[in-house]
Amino acid sequence: MPTETLDFRSDTVTKPTPAMRAAIAEAELGDDVLGDDPTVNRLQERIAEMLGKEAALFVPSGTMSNLTGVRLHCRAGDELICEAGCHIYNFEQSGYAQLFGVSARPVEGVAGVMRLEQLEELVRPGDPHFVRTRLVCLENTHNRGGGKIQPYDVVEAICRWAHDAGLRTHLDGARLFNAIVATGIEAPRWTRHFDTVSVCFSKGLGAPVGSALTGPRELIDEAVRHRKVLGGGMRQAGVLAAAALYALDHHVERLADDHANARRLAEAIAQIDRLQLADDSIDTNLLFFRVDPALGTAAEFCTALKRRGLLMLATSRTTIRAVTHLGLTERDVDRAAEILRDSALAGG
Ligand SMILES: *Cc1c(COP(=O)(O)O)cnc(C)c1O
């Protein structure tokens, strides 16, 4: 394998930059389970303020953040409504069902985007035959939708309807900052429609670990209990919070570079025979493309790419995902395009 491997599998593969490591080294620490870690406290205040929420809780992962969010809104016998391709429904082991007795009602969207008309009939009657419809979860940007930004008016309409129907709303904003930077719509405008909002520091923002759950003070105080029983109480977690704070200071605006790089890669892929973009419009930093079966399965094609020094992720028999991030430059994108072209020409 070539010495330099280009890793387009995910924006989670980034490693802390030297400056981020310096911030980690200098972090002031305490025991966060006792509420004593000043760096964690600073991060929680900072992210709550950025998102226009009263309070925030630092948690180890986006999965725990979403799970805690669902736990705040639902009890056993409740149902959440979500988009069929979303992360909460597909990639978190249905933790809400395993641990809390909550069921999910998936709704098929287009590139991860549901329409209000699909939801209006879904609230179950208050009759003992039925689960209680309780929560609507949206994902922005939508991962499997190809990094799709939820249209702002759709978010607004769905959340207004949900609240009018007596439901709560949770946003899986693992990549919310990508949507904020790409649209120029400020964070509090996106988040004000949701009771709770989860964001990840470990995706495009480039921190090694961590997410935050944000919302009203009263709910976040309760979330501390749920995090503890899930095993997410951390001690000198300021080493991690320092990285997240550094990322908020230095890695938000630059997400625009990732978006430009993803579009550049998409333009190159559009020119390659036997590779086809799943969606011509690339909103942010994720793109999906299909591999002609003449080149083998997506997994086989990924193996061929790997031999040439390029890592991408097969997400189905025919589909590959590529993700841009702060560890990849425009030059890396051009090199990746070259490898894709060579591999497609060579027949995989
Ligand atoms: C990555 C991701 C998460 C959380 O994943 P963790 O690996 O648990 O941090 C949640 N939602 C979406 C959309 C994601 O892409």
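Reader: In which strand is Leu 213 placed?

Author: The model is a predicted one. In it, Leu 213 belongs to strand 8, which covers residues 211-215.

Reader: What makes Leu 213 count as buried?

Author: Buried means under 20% relative accessible area. Leu 213 has 0% relative accessibility, so the residue counts as buried.

Reader: Where is Ser 61 found, and why does it count as partly exposed?

Author: Ser 61 sits in the loop that runs between strand 2 (55-59) and helix 3 (62-73). The partly exposed class lies between the limit of 20% for buried and that of 50% for exposed. With 28% relative accessibility, Ser 61 falls between these limits and is therefore called partly exposed. Between the C-alpha atoms of Ser 61 and Phe 201 there are 9.0 Å, with 140 residues separating the pair along the chain.

Reader: What share of the residues counts as buried, and what share of the accessible surface belongs to carbon and sulfur atoms?

Author: Of the 348 residues, 54% count as buried. The accessible surface comes to about 15100 Å², and carbon and sulfur atoms account for 47% of it.

Reader: How many positive and negative side chains are there, and how far apart are the centres of the two sets?

Author: There are 39 positive and 47 negative side chains, and 4 Å lie between the centres of the two sets.

Reader: What domains does the assignment give?

Author: Domain 1 consists of 6-13 + 254-345, and domain 2 of 31-250. Over C-alpha atoms, the domain centres are 28 Å apart. To the contact between them, domain 1 contributes 16 residues and domain 2 contributes 19 residues.

Reader: What share of the contacts between residues at least 6 apart in sequence joins residues at least 24 apart?

Author: That share is 75%.

Reader: Why is Ala 243 called buried, and which residues are in contact with it?

Author: Ala 243 is part of helix 11 (residues 238-250). Its relative accessible area is 0%, and the limit for buried is under 20%, so Ala 243 is buried. When neighbours within four places in sequence are set aside, Ala 243 is in contact with Met 20, Ile 24, Ala 207 and Pro 208. The C-alpha atom of Ile 272, 29 residues away along the chain, is separated from that of Ala 243 by 39 Å.

Reader: How do you know that Thr 39 is buried?

Author: Thr 39 has a relative accessible area of 2%, which is under 20%; Thr 39 is therefore buried. Thr 39 is located in helix 2 (residues 38-50). Beyond neighbours within four places in sequence, its contacts include Ala 27, Glu 28 and Leu 245.

Reader: What value does phi take in Gln 93, and why does Gln 93 count as exposed?

Author: Phi of Gln 93 is near 55°, which is a positive value in a residue other than glycine. Exposed means over 50%; Gln 93 has 64% relative accessibility and therefore counts as exposed. Gln 93 is placed in the loop between helix 4 (87-90) and helix 5 (95-100).

Reader: What makes Ser 94 count as partly exposed?

Author: The relative accessibility of Ser 94 is 23%, between the limits of 20% and 50%, so Ser 94 counts as partly exposed. Ser 94 also lies in the loop between helix 4 and helix 5. Its phi is near 45°, again a positive value in a residue other than glycine.

Reader: Which peptide bond is cis?

Author: The bond from Asn 140 to Thr 141 is cis, with omega near -5°. Thr 141 is in the loop between strand 5 (132-139) and helix 7.

Methods. Residues are numbered from 1 along each chain as its sequence is written. This is a predicted model: local features need pLDDT of at least 70, side-chain atom pairs count only at pLDDT 80 or more; totals for chains, interfaces and linings use all residues. Side-chain values use heavy atoms; hydrogens and water are left out. Buried means under 20% relative accessible area, exposed over 50%, partly exposed in between (1.4 Å probe, protein chains only). Contact means heavy atoms within 4.5 Å. Accessible areas come from the Shrake-Rupley method with a 1.4 Å probe; for residues, only the protein chains shown count as cover. Lys and Arg count as positive and Asp and Glu as negative; His and the chain ends are not counted. The place of a charge is taken as NZ of Lys, CZ of Arg, CG of Asp or CD of Glu. Domain bounds come from an automatic or database domain assignment. Helices (H or I, at least four residues) and strands (E, at least two) are DSSP runs, numbered from the N terminus.
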